[in-house]
Amino acid sequence: RIGSASVWRGPRAMLTSARRLGLVAVILAAWLTFLRPSDDFLLMCQDNSGAYKMKVMGVVGKGNSPHIRAIEPGDVVVVVGRTGGPKNKVLRAIVTRMRRGQPDPLKNGMQNAFDTNCGVLVDKEGNPVGSKILGKIDPRCAMRWPKLAQLAAR
């Protein structure tokens, strides 16, 4: 059987191999979709407003449809309360901590990274809903939102 691979097998065999190739392409596309990061993620609530977890739905003031994973500490986001008092309510929050490392505002080559993604609930004017912020906040967020820095310093 020398050279049997190059023998023409007919249209039926060609169609079968195309179906197999199409199946592989579909499986590969599904696998790549599975590996892609999700478009939404949870923030832990860092103040005493009554919420525990918040699901990020969008970003305020960053264009038409920015990627939700591109947020930084200090950004205002639209969230939905998942647990606690404001469950299933659409609110606004300021991102105060991120697990992904952010460059230090002093530009000294250091990065700030925390163990959780956290946020603080705010109203339309940017005033915090809670009266106390628990834990540290990112220095960039503190520079951009002095009211949050004042509440976190207590």
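Trainee: Anything to know before we start?
Mentor: This is a predicted model, so local features need pLDDT of at least 70 and side-chain atom pairs count only at pLDDT 80 or more, while totals for chains, interfaces and linings use all residues. Residues are numbered from 1 along each chain as its sequence is written, and side-chain values use heavy atoms, with hydrogens and water left out.

Trainee: How many residues of strand S7 are buried?
Mentor: Five of its five, residues 118–122. Buried means under 20% relative accessible area, exposed over 50% and partly exposed in between, with a 1.4 Å probe and protein chains only. Strands (E, at least two residues) and helices (H or I, at least four) are DSSP runs, numbered from the N terminus.

Trainee: Which way do the residues of S7 point?
Mentor: Cys118, Val120 and Val122 point one way, Gly119 and Leu121 the other. In a regular strand the side chains alternate between the two faces of the sheet.

Trainee: In what sense does S7 pair with S1?
Mentor: Parallel, over two bridges; strands pair if DSSP finds at least two bridges between them. Met44 stands opposite Cys118 there.

Trainee: And how many bridges join S4 to S7?
Mentor: Five, and S4 (residues 90–97) runs antiparallel to S7. Arg97 stands opposite Cys118.

Trainee: Changing topic, how many disulfides are there?
Mentor: Zero in the whole structure, taking a disulfide as a pair of cysteine sulfur atoms within 2.5 Å. For Cys45, the nearest cysteine sulfur is that of Cys118, 8.6 Å away.

Trainee: Is Cys45 buried or exposed?
Mentor: Buried, at 14% relative accessibility. Cys118 is buried too, with a relative accessible area of 4%.

Trainee: Where is Asn117?
Mentor: In the loop between strand S6 (111–112) and S7. Asn117 is buried at 16%, and a polar atom of its side chain lies 2.8 Å from the backbone nitrogen of Arg99.

Trainee: What does Asn117 touch?
Mentor: Leaving out residues up to four places away in sequence, its contacts (heavy atoms within 4.5 Å) include Phe41, Met44 and Arg97.

Trainee: Where does Phe41 sit?
Mentor: In the loop between helix H1 (11–35) and strand S1 (42–45). Phe41 is buried, with a relative accessible area of 9%. Beyond four places in sequence, Phe41 touches residues including Met54, Ile68 and Asn117.

Trainee: How far apart are Phe41 and Met57?
Mentor: 16 residues in sequence, and 8.2 Å in space, C-alpha to C-alpha.

How values were computed: Polar contact = N/O pair within 3.5 Å; in protein donor to acceptor, adjacent residues only side chain to side chain.
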